[in-house]
Amino acid sequence: MANETTEFKSTEVEALKVRLAELLPGVLLKWSEFRDQMRVVCPAAELGSCLKAFKAAGFDQLTDLTAVDLLEYGNVNDRFEVVYCLLNIDTGLRLIAKIHLNEPDLTIPSATSVWFGADWLEREVYDMYGIVFEGHPNFKRLLLPEAFQSFPLRKDYPVKGRGERHNFPVITRAES
Amino acid sequence: MTQLDAAASWARANSLWPMPFATACCGIELMSTAASKHDLSRFGSEVMRFSPRQCDLMIVAGRVVMKMLPVLQRIWLQMPEPKWCISMGACACTGGVFDTYAVVQGIDRFMPVDVYVPGCPPRPEQLIRSIIDLQEKIQSGGTVNAREFKLRILPEGPTRFDEDELIRIRERNGFKLDDQKYNPVH
Amino acid sequence: MPLELLESPDLDASKREGLWTLNFGPQHPATHTTLRLVLQLDGEMVVDAEPDIGFLHSGFEKLGEVLDFNQYVTIVDRMNYISPLANEIAWHHAVEKLLGIELTPRCKYIRTIFAELMRLHDHLLCLGACVLDLGGATAFMYAFNAREAIYEICERASGQRFHTSYTRVGGLLYDVTDDWVAMVKEFVRSFPKVYSDFSGLVMKNRIFVERTRDVGVLSREEAIAGGATGPNARASGVVRDLRRDEPYLAYDDLDFDVCASQGGDCYARFQVRMMEMLESIKIIQQALEKLPNGPIFAGETGKAGIPDKKEVYRSIEGLIHHFESIMPNRQMAAPKESIYAATESPNGELGYYIVGDGTFRAYRARTRPPSLLHFALFSKLIRGCMLSDVVAVLGSINIIAAELDR
């Protein structure tokens, strides 16, 4: 066990760290704090057990699941960061858990078995970034048409698109 | 224009039943226009029928995205003649603030439009003004057997691919243009 | 519908024969703009419902990476378009948290008043539109008439009825005047009559009650695991309100109750929204009494906000300050960190996950849309209900397509 120790203000957080250390022996978690928010970086290989541990430690609501493409961020080693925002309903404690991914290996286990609200959030992350979630019950694009080829929120996709929005038949008044 | 045309146009202009194709925020202003403060039914639009078969005016209120455009075209084709289209709001006219990969930059690129209403969203008074404009347009040029529509054989919006857009797409994909033939405009 | 039918194995779509498919939307009056449902029906009973969304996906999050923090507020307005200022308040709350800016008291109170006015705005439309879908057009007209008064209040403050783009980083676009305060007081004075007219038409109406009681029941566990927040979750017994639990703006100083219910059905969601409207009026009244005087921009001496136009045009310091705040390479720099900040918007917990990258522009501006998670729950809510209940359930969970699709 090698959790990095940083000074936090509340005992609740310390208790959480102890509990997670019990539930995840041998997993290296990097904790940090910014503006009173706790963040933890988990190793991508242990994601499945980390998510189950978070649920067991009391985080019963998945508030948000999103991803960031760090291609143009500078000074980072990994391209994609998948972010899980978690909430403990009874105590109101929030946690932001992150994992880092690199191409070409963009497959991670799905969180739908832990919180079923992750269903559409994961489909959206796939739609926008191309990160594949295994074990998802209904895995396909959510917001864009099925025939759309690219992953728009990646940094190498231009804002105005590559002409997909112009590719439709024109109807004139005389023929309609 | 015969007297029969004038009579038919008068009747049609004063009883335009709208088909609200409300997609986004302009849809709420459309609902406000139909509500009791600015009452659209004073101008003949007594009912907002949501079935295309029963309407003669399609008000496209709100942004139209790639996924929705085939639906829009299909509903336009389902409306019987005579029919008119009002493009309400900046997003339906030109794409509005959303110059992104998903939003169609103006429905007139793909569909015939009669009246454009700018605004984001247009005030209810602007929409009412556009209905009055359309009524004047129908009165001045309408025919009983809808033959004025057969003359509009060319697409009326901007061309499918703007020259600038094509250049941007090519540059993004790494296609280098010969400098002597073309000077890129910033 | 009784709850035990929801667990009945007979409702498994793959095992039954004779089911027919009905496509509901995306162009349908009751789908609240562009939602599409593919319903599998056994006669009138809904066996399965698969939502198909994305008919309003406009690339909001991509725009968030192109526009800076003050420009993006115009786009954020257009997300939950029935309560635009609530989105702006949530966005700037997140941006100010990232930049570490503390607002002035007057700005906090004005934003609080607008947040509660927007709550009224949203609930009136949600309830009015749902009742219209169920057949009662009069209540819709009453609700819209009340909303016109709120439109005029927004117009007086910012110049636009709708999509006001009123908040800025560290403050507001313009300060409010005394006649604005008088207008809001007049609105607060006249609202109880509107409320009693509306609730008299709807809440004890036999048809309305029959169509919404025990329809679309959401249990507490499903609400938590599914990510439901706001009135939908509170109507299922999850008593959580960010205004009380994680206070922001002026909610610490104001006295209000959190409205919740145990039922979890459509009628409970309606009741929670109706009660919240009354609480909002209470909050607005208190905030108007306590409205402090003072500047609206935080850190007038620092670079936190755009100075007042009188200063910009009449003093060199004001001009320089304005220049420093507006020019692209001279603005405040966000730290290279990420935060998640949420506010209690009328629809639920509207949060923003912003990644800053050292400039005044977000590297990633993610919106956490309450409507997305609520619509994902829809297929659980509708199983075992009749076709006509689809409309009631859809109306009661208040899906805003632009927030859903972004």
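Biologist: In what do the side chains of Asp99(B) and Lys160(A) meet?

Modeller: The side chains of Asp99(B) and Lys160(A) meet in a salt bridge, 2.8 Å from N to O. The term stands for a side-chain nitrogen of Lys or Arg within 4 Å of a carboxyl oxygen of Asp or Glu. This is a predicted model, where local features need pLDDT of at least 70 and side-chain atom pairs count only at pLDDT 80 or more, while totals for chains, interfaces and linings use all residues. Residues are numbered from 1 along each chain as its sequence is written, chains are lettered from A and ligands numbered from 1 in the order in which they are written, and side-chain values use heavy atoms, with hydrogens and water left out.

Biologist: How many salt bridges are there between chain B and chain A?

Modeller: The count between chain B and chain A is three. The interface also has eight residue pairs in polar contact, both at pLDDT 80 or more. A polar contact is a pair of N or O atoms within 3.5 Å; within protein, one must be able to donate a hydrogen and the other to accept it, and residues adjacent in sequence count only if both atoms are side-chain atoms. On the side of chain B that touches chain A, α3(B) gives the most, with five residues. Helices are DSSP runs (H or I, at least four residues), numbered from the N terminus.

Biologist: What area do chain B and chain A bury between them?

Modeller: The size of an interface is often given as the accessible area lost when the parts come together. Here buried area uses a 1.4 Å probe and is summed over both parts. Chain B and chain A bury about 2800 Å², with 61% of it on carbon and sulfur atoms. For chain C and chain A the area is about 4000 Å², and carbon and sulfur atoms give 57%. Lys62(C), Tyr353(C) and Tyr363(C) supply 18% of what chain C buries against chain A, more than any other three residues.

Biologist: How many salt bridges lie across the interface of chain C and chain A?

Modeller: The rule finds eight. One of them joins the side chains of Lys140(A) and Glu50(C), at 3.0 Å from N to O.

Biologist: At what angle do the axes of helix α2 and helix α5 of chain B cross?

Modeller: Two packed helices are described by the angle between their axes and the distance between the axes. The axes of α2(B) (residues 25–34) and α5(B) (residues 124–141) cross at roughly 75 degrees and come within 9 Å. Axes are lines fitted to C-alpha atoms, for helices over the stretch in contact, with angles from 0 to 180 degrees between N-to-C directions. α2(B) and α5(B) are therefore roughly perpendicular, a label for 65 to 115 degrees, whereas under 35 is roughly parallel, over 145 roughly antiparallel and the rest oblique.

Key. Buried area is the accessible area (1.4 Å probe) that two parts lose on being put together, summed over both. Helices (H or I, at least four residues) and strands (E, at least two) are DSSP runs, numbered from the N terminus.
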